[in-house]
Amino acid sequence: MELEPIYVLLADDDDSDRMFFTDAFEEIKIKTVVQTVKDGVELTNYLSVPELIIPHVLFLDLNMPLKGGMECLVEIRQNNRFKDMAIAIYSTSASEEDIEDTFVKGANVYIKKPSDFNQLKKLLTKVISMNWQYHTSWLNKEIFLLNL
Amino acid sequence: MKHQNLFSASFYLKVIFAASLLILVTISAITYRHTQSLTESIGWVMHAYKTNVQVEQLFSMLKDAETGQRGFIITNDTVLLEPYNNARQQVENAFIQLEKQMETKQQDDHLQNLHRLINARFAQMEVTLSVARDQPLRDDLLKSSMVAGKAIMDSIHLQVSKMAALETSYLQDRQAKYEYKASITPLFSLLLLLFALNVFIFSYWKISHDLNTLKHKNQLLILQSDSIAHAEERNNMALRERNHELEQKNKELASFNHVASHDLQEPLRIVQTYISRLTEKEIGLMSAKGKDYFVRIKLAVTRMRNLIDALLLFSRTNRTDSIFEIADLNLLLDNARHDLSHLLEQKKGSIIAAQLPTLNVIPFQIQQLFTNLIGNSIKYSKPEVPLLILINCEKPAPIDFPNTRYDHARNYYKIAVSDNGIGFEQMYAENIFTLFQRLHHDEEYEGTGIGLSICKKIAENHGGLITAEGKPGIGATFFIYLPA
Amino acid sequence: MKIFLQYDIQKMCAAILEEQLGQFELNYTVLGTGEVEFLTPPDTQTLKIIQEQLKKYGIRIIETPKNILVEKIKEAIFEMVYKEDDLPASKISTYLSGKLHHSYGYLSNLFSETTYSSIENFIILQRIERAKQLLLTDELTVSEIAWKLNYSSVAHLSTQFKNVTGLTPSAFERIIRKRRLTVSTVRPGP
């Protein structure tokens with residue numbers, strides 16, 4: 001069992017969604033530490049702190065005011081510091097083309113926000129465990145792609 | 001009327017030119033003949049002159065012979081007989097010459113007469129000479145011989161005169177004729193020339209008049225076509241503006257559609273999530289009535305969700321930035337099959353598909369098309385009967401779709417998707433593709449009424465069509481026409 | 001220009017250990033898979049430093065025997081999927097129990113307890129990983145890959161691929177290809 005908890009960061013502008021997210025993680029058996037920010041600017045600021053413990057997984061909503069998810073995605077992926085951080089796009093439904101586009105721009109996971117709480121727990125579990133596998137089993141993060 | 005005029009003008013022109021040519025030719029012919037006549041008449045003069053001279057020469061030769069003979073008789077010197085000796089031969093040559101020149105029988109007869117007479121004279125001269133050589137000279141014989149000789153000579157002279165007179169009369173005749181011709185020919189030519197001149201002047205006037213009319217008409221035409229072009233240009237601009245407006249409106253509508261469906265999803269999803277949370281955690285605390293209400297809330301929210309999802313899908317098929325690619329339709333069908341595999345299994349359904357072509361399409365949309373149709377078949381399948389979906393494809397054939405925006409026949413692939421579901425009444429065949437139109441109530445079959453509209457939109461995005469055939473209780477068939 | 005790599009974990013680890021442990025002049029031997037024995041045990045301080053350093057390479061020091069066994073299971077599976085060109089004909093269970101000298105039931109339970117998935121899932125994950133790598137080398141077609149990895153059909157591979165990743169093999173390939181084309185400037189982090 002991994003002693004270290006898995007560090008998770010969520011960027012989402014909706015407070016209900018943030019609440020669901022943190023509640024879900026509390027109910028998942030995997031040990032996690034969850035942080036949330038409410039838009040792209042806060043995210044950038046959070047990530048630029050030098051003493052930061054870099055999250056294992058960043059959940060990124062696309063529709064955020066001030067600075068949107070796509071912009072953040074491209075920026076983060078250009079920064080070598082976060083190359084080991086998995087990015088999961090956490091968004092409302094989009095077309096296949098848009099989803100593929102996020103993958104091409106560097107996202108590892110795409111999650112369509114579910115409308116059922118249990119479903120949410122399931123999805124988050126899958127993402128975290130998959131990511132953990134990549135983390136612990138010498139798998140190539142570059143080809144970690146997951147579409148849920 | 002003017003039209004007619006111009007037309008006859010060209011005919012007129014042809015006539016004028018033909019006439020001019022004719023006149024020219026005629027005048028040339030006349031001139032030629034005239035010249036010829038002149039040459040002829042000169043010839044005749046020469047001929048008459050020549051003949052007369054030659055005849056005179058003949059006479060003269062004869063006289064020479066006579067002179068020679070006389071001289072000899074007087075002197076008895078044979079030297080003086082030389083002309084007499086030469087004369088015979090000369091006369092003969094001269095005759096040969098003259099014979100060639102005789103033109104008429106009459107003149108020829110005269111010549112023959114002359115010949116005879118001259119021969120007679122020479123014969124007489126011989127007689128005279130022989131008498132003269134006789135010693136002693138018989139004067140009376142000499143005298144009679146010489147007198148006879150003179151008589152012949154007189155005849156000859158007469159004959160010669162006759163011949164000269166005849167020749168001259170011939171000449172006079174011919175001259176008269178020639179003069180007659182010569183007198184009228186110049187007149188004729190002059191008249192012709194005057195006529196031609198008139199014609200030329202008139203035609204020149206006519207042509208230049210017509211040319212002016214033409215020029216004038218041309219100018220009018222140019223003005224008119226200019227004004228038409230201007231009108232067209234104005235029209236075009238108006239059209240372009242209208243087009244632009246429409247495009248803008250369309251874009252606005254599409255983006256409104258998209259944003260509305262998208263933004264509506266958010267709060268709805270959150271509501272649904274809260275409902276699911278409550279269902280898990282709090283429903284135990286509710287009264288029976290409360291639970292019931294809750295269940296209905298859930299149903300209503302789910303319906304709303306489906307509607308918005310469908311609307312979103314519909315708005316996506318309206319996107320103008322979709323890219324066409326060459327794609328194998330069989331793969332797209334497989335993907336659709338895969339996505340619905342779970343539902344298919346539930347209905348114990350199977351899909352038998354023929355080989356589909358590879359076409360230039362928007363892959364996501366065609367896949368959506370298949371998904372919607374198969375989903376439709378699944379939803380409206382007969383409850384206890386295993387679902388069977390047959391997919392067929394016909395080779396491209398030219399098809400004409402009257403009353404549509406496709407105004408001429410093109411080659412289309414015809415893909416038929418048929419099922420053994422509950423079917424529908426054929427009279428609703430067009431209805432079912434209308435947005436939000438449904439044939440069933442929500443209690444019987446849940447649905448949004450958008451699925452088939454999306455199929456129609458997709459078919460139209462590809463320049464094709466979709467139609468349906470239904471037999472209640474037997475099944476339904478959808479025909480997808482895609483351009484080859 | 002593309003070059004294709006295959007990793008020899010053993011060699012890599014040995015080299016890294018050489019580099020890291022060497023600085024402290026520690027006497028050690030590498031015993032087979034993932035076991036290092038120190039002749040003279042290093043103190044806790046040094047061990048902590050070593051632990052931190054090795055973490056940078058993704059090498060963790062595992063504490064419990066159970067974890068060790070789990071790592072061994074993983075390795076065995078790893079070997080099975082990657083090193084041998086064709087997966088063994090014998091069943092996974094016999095293979096693993098034979099190799100690790102435990103019953104398959106025990107191994108399976110242990111694995112599920114320790115990790116977040118079962119052995120079967122892990123195997124599927126590894127196979128799909130390999131499939132991903134093979135897809136990206138461009139040399140084999142999907143059907144050849146399916147055959148190489150012992151799938152009963154291309155459809156089986158595609159289905160499993162989609163189940164694991166949520167994408168079809170072709171979509172996956174397309175995405176990675178597009179990613180590699182958009183070469184973005186990578187700035188070194190602060």
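Some housekeeping before we start. It's a prediction, so local features need pLDDT of at least 70 and side-chain atom pairs count only at pLDDT 80 or more, while totals for chains, interfaces and linings use all residues. Residues are numbered from 1 along each chain as its sequence is written, and chains are lettered from A and ligands numbered from 1 in the order in which they are written.

Let's begin with chain A. Its mean pLDDT, the predictor's confidence in each residue from 0 to 100, is 86, and 95% of its residues reach 70 or more. Confidence in chain A is lowest in strand 6 of chain A, with a mean of 82, and highest in strand 3 of chain A, residues 57-60, at 93.

Chain A has five helices and six strands. For us, helices (H or I, at least four residues) and strands (E, at least two) are DSSP runs, numbered from the N terminus. Along the sequence you read β-α-β-α-β-α-β-α-β-α-β in chain A.

So what order do the six strands take in the open sheet of chain A? They go 2-1-3-4-5-6, with parallel pairing. Two strands pair, by the way, if DSSP finds at least two bridges between them. Strand 2 (32-37) and strand 6 (146-147) of chain A each have a single partner strand, so one side of each has no neighbour in the sheet. Strand 1 of chain A, residues 6-11, is joined to strand 2 of chain A by six bridges, and A:Leu10 sits opposite A:Thr36 there.

Lying across strand 1 and strand 2 of chain A is helix 1, residues 15-27, which runs at about 175° to strand 2 of chain A. Angles here run from 0 to 180 degrees between N-to-C directions, with axes being lines fitted to C-alpha atoms, for helices over the stretch in contact.

Now, burial. A residue is buried if 20 or more other C-beta atoms lie within 10 Å of its own, exposed if 12 or fewer, and partly exposed in between, with C-beta atoms placed from the backbone. In chain A, 41% of the 148 residues count as buried.

After helix 4 of chain A comes A:Gly106, with a positive phi near 120°.

On to chain C, with nine helices and two strands. Buried residues make up 17% of its 190 residues.

Finally, chain B. Strand 4 (388-399) and strand 5 (410-419) of chain B pair antiparallel over nine bridges, with B:Ile391 partnered by B:Val417. Strand 5 of chain B is also joined to strand 7 (475-483) of chain B by eight antiparallel bridges, and B:Ile415 stands opposite B:Ile480.

And where do chains A and B meet? 13 residues of chain B are in contact with 14 residues of chain A, contact meaning C-beta atoms, placed from the backbone, within 7 Å. Helix 4 of chain B gives the most to the chain B side, with 10 residues.

That's the tour, thanks!

Notes:
Two residues are in contact if their C-beta atoms, placed from the backbone, lie within 7 Å.
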